[in-house]
Amino acid sequence: MSETVYRNATLFDGLGGAPVQSDVLIRDGIIAAIGKTLPVSEEAVEINCHGLWLLPGMLDIHTHLDLEVELTPGLPEVVRHGTTTVVIGNCSIGVSYGNQRRNGEDPIVDCFARVENIPRAVLEKVAEHCTWDSSGAYLDHLKAMPLGVNIAPLLPHSMVRIEVMGLNGSVSRKPTATELRQMEKLVETAMQEGYVGLSTDALPFHFLANAPHKKNKIPTQYAEFSELKRLLSVVRRFGRVWQATPPKDDIVDAVRTFLLTSRRLYGRELKASVLAALDLRTNQSAYRLCLMLARILNSKIVGGHFHFQALSGPFRIWSDGAINPVADELHELRALNELELDDREGRLRILNDPQWEKAFCRMWMKGRKGLSFARLQRWLRLDPIVLSRSLADMNVVECPLPHWCGKTLKEPYRRLKLWRASGGRYGAENAAEEALFRKVPGSAKNDAQFLLFLLREWDTALRWETAIANNDPDILRYLLFHPMTLPGFNDSGAHLANIAFYDGNLRTLKISQEEGLTRVAESIMRLTSVPAEFFGLDVGVIRVGAKADLCVVDPEALRVWDPEQTCELQERSELGCRAMVNRPVGVVREVMVSGRRAWMEGKYADDLGTTSYGTVLRAR
């Protein structure tokens, strides 16, 4: 028998009630008692939590950790942030059917490389691990791994289509009646096995990565409404979750598709978790439309069970040259993104193509001058394009001129114009910058052409970041606590060099802390018991008899932590690549998974990643 007791904690049970001062006793992985001055055995480990918060281990409901867990099953970046349960298989892509390598096809690389900006070398390494060939065998594989946290899998629709039709067939033709029946059977089997739901995707910039399909979107996007309706009827029957993304440029199609959640139309509600309600820098109407749609779908007239996921901080993305998570949104940048990351010569050929340059400049400058509807859209912040297309929003992180770092690209462009206007007497800050200015062709008359020059000159050696959404803290707080949303659009395990949101749950706690303990209790509930109930998982609460997944947070360290200052690009040897991380110091003091201490005072347990802490969670 093993016992651990947390003494004198400010206890949040995950159900939204006011915190209480209490002890919590864990015996053999289960919460055995809650109260003051609990008696324990002489062998019990006692942890003093005076002045600290004790809360249930948090859930991360939107991750792509299906890949990372194969290379580092302890999921250390997840553990250190107080998250003890993750949902995988999002956005219709995953590894539920193994690597699915048949007839020269390589679906894991094809589906993940561009959609989730993961290096091919990482994906190829993962694919070698994926030797199973069924959804049930995948659950057995996960169960046998030394997991650091609990994992709840969604069934990815793109992989279902590939399993039945092959990758080529899934993006080039309609399924036959027999193939539709096979897909339906696969979904039913997975739901019987305990998958928490089905994931689909409709974002218009999610493309495949391998020839000859680089201009094709991922397979789920070729499914007709009748196919979605048929497969989701199975999910509805089991009471499971539909995870989806909307067709962002087609509101009529979005409404029609999401009416599939309606109890009035289909006899029973279908739970839907959709990304994402974001306050886009370029389009202030986006989040309002999302919330309006959610209100309609959840109304008594429609009878849906629908929420949008919300990101708990500014949506900062880091870009290597022209390569970033939203580059495929724009046709001109898509041409560059279709190439391999190390294919500088290929990108240079495109950048030097006069027709492509003309198209790029037209796109970049659209709505900037003259009287036009596009200019009115930009002025009103109703631009349908997510990327801001402004040098003032591009903050330099790395480049061959170190004094540019920490500043926007607008500043050297302004100096270039001054240098030109003064005949080279003023503007350049040093000899290296002047040498660069001399290389800028005289034909570069606007900031679009200046950016193209930098891309030709430096390619991915120019690393910059920008916040494309959630810049207004008041709107961010409104979205995080809106009844039609749940925090959790973190994308943990994806866009390795481009985003850093493993800390999303802690950001929500920090925002709530500014409004007092009542708001903190609400935020903890929205990060624990509410998503656990939504996905049908037996986690997310502190009560006698519950599984002991716990987290201890230092509220003072949380208060002084600045999330925007702890993001950094680091070499992650376990993955074999550089990746963005965000590691707050001292905020999470303890993490317990299944009654075992996985993180203690800034250190991992010695056996994390070699011994099982978490488990595979199946839907109730």
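Modeller: Let us start with the largest cavity, to whose lining helix H14 (354-365) and helix H18 (447-458) each supply at least two residues. This is a predicted model, in which local features need pLDDT of at least 70 and side-chain atom pairs count only at pLDDT 80 or more, while totals for chains, interfaces and linings use all residues. Residues are numbered from 1 along each chain as its sequence is written, and side-chain values use heavy atoms, with hydrogens and water left out.

Colleague: What makes a stretch a helix or a strand here, and what makes a space a cavity or a pocket?

Modeller: Helices (H or I, at least four residues) and strands (E, at least two) are DSSP runs numbered from the N terminus. On a 1 Å grid over the protein atoms alone, a cavity is a set of points where a 1.4 Å probe fits but cannot get out, whereas a pocket is an open set with protein on both sides within 12 Å along at least five of seven lines; lining residues have an atom within 4 Å of a point. The largest cavity holds about 70 Å³ of space, and its lining includes Phe360, Trp364, Leu451 and Leu455. A search of the whole structure finds six cavities of 30 Å³ or more.

Colleague: How many residues lining the largest cavity are nonpolar, polar or charged?

Modeller: Nine are nonpolar, two are polar and none is charged, where Ala, Val, Leu, Ile, Met, Phe, Trp, Tyr, Cys and Pro count as nonpolar, Asp, Glu, Lys and Arg as charged, and the others, Gly among them, as polar. The second largest cavity, of about 50 Å³, has eight nonpolar, three polar and one charged residues in its lining.

Colleague: Which residues lie nearest the centre of the largest pocket?

Modeller: Of the 35 residues that line the largest pocket, Leu203, Pro246, Lys248, Ala276 and Leu280 lie nearest its centre, and about 810 Å³ of space lies in this pocket. Helix H9 (251-258) and H11 are the elements that give two or more residues to the lining, and H11 provides the largest share, four residues. The lining has 25 nonpolar, five polar and five charged residues.

Colleague: Why are H5 and H7 called roughly parallel?

Modeller: Helix H5 (residues 135-144) and helix H7 (residues 177-193) pack at an angle of about 30°, with their axes 9 Å apart. Angles under 35 degrees count as roughly parallel, and therefore H5 is roughly parallel to H7. Ser135, Gly136 and Leu139 in H5 meet Thr189, Ala190 and Glu193 in H7, contact being heavy atoms within 4.5 Å.

Colleague: What makes S9 and S17 edge strands?

Modeller: Two strands pair if DSSP finds at least two bridges between them. The open sheet has six strands in the order S9-S10-S11-S12-S13-S17, with parallel pairing, and strand S9 (155-156) and strand S17 (485-487) are its edges because each pairs on one side only. Inside that order, strand S11 (residues 241-244) is joined to strand S12 (residues 271-275) by four bridges, and glutamine 243 has serine 273 in S12 as its bridge partner.

Colleague: Which helix packs on the sheet, and at what angle to S13?

Modeller: Helix H11 (residues 286-298) touches strand S13 (305-310) and S17, and its direction makes about 160° with that of S13. Angles over 145 degrees count as roughly antiparallel, so H11 and S13 fall in that class.

Notes. Axes are lines fitted to C-alpha atoms, for helices over the stretch in contact, and angles run from 0 to 180 degrees between N-to-C directions. Angles under 35 degrees count as roughly parallel, over 145 as roughly antiparallel, 65 to 115 as roughly perpendicular and the rest as oblique. Grid points are joined across faces, edges and corners, and a volume is the space filled by probe spheres set on the points.
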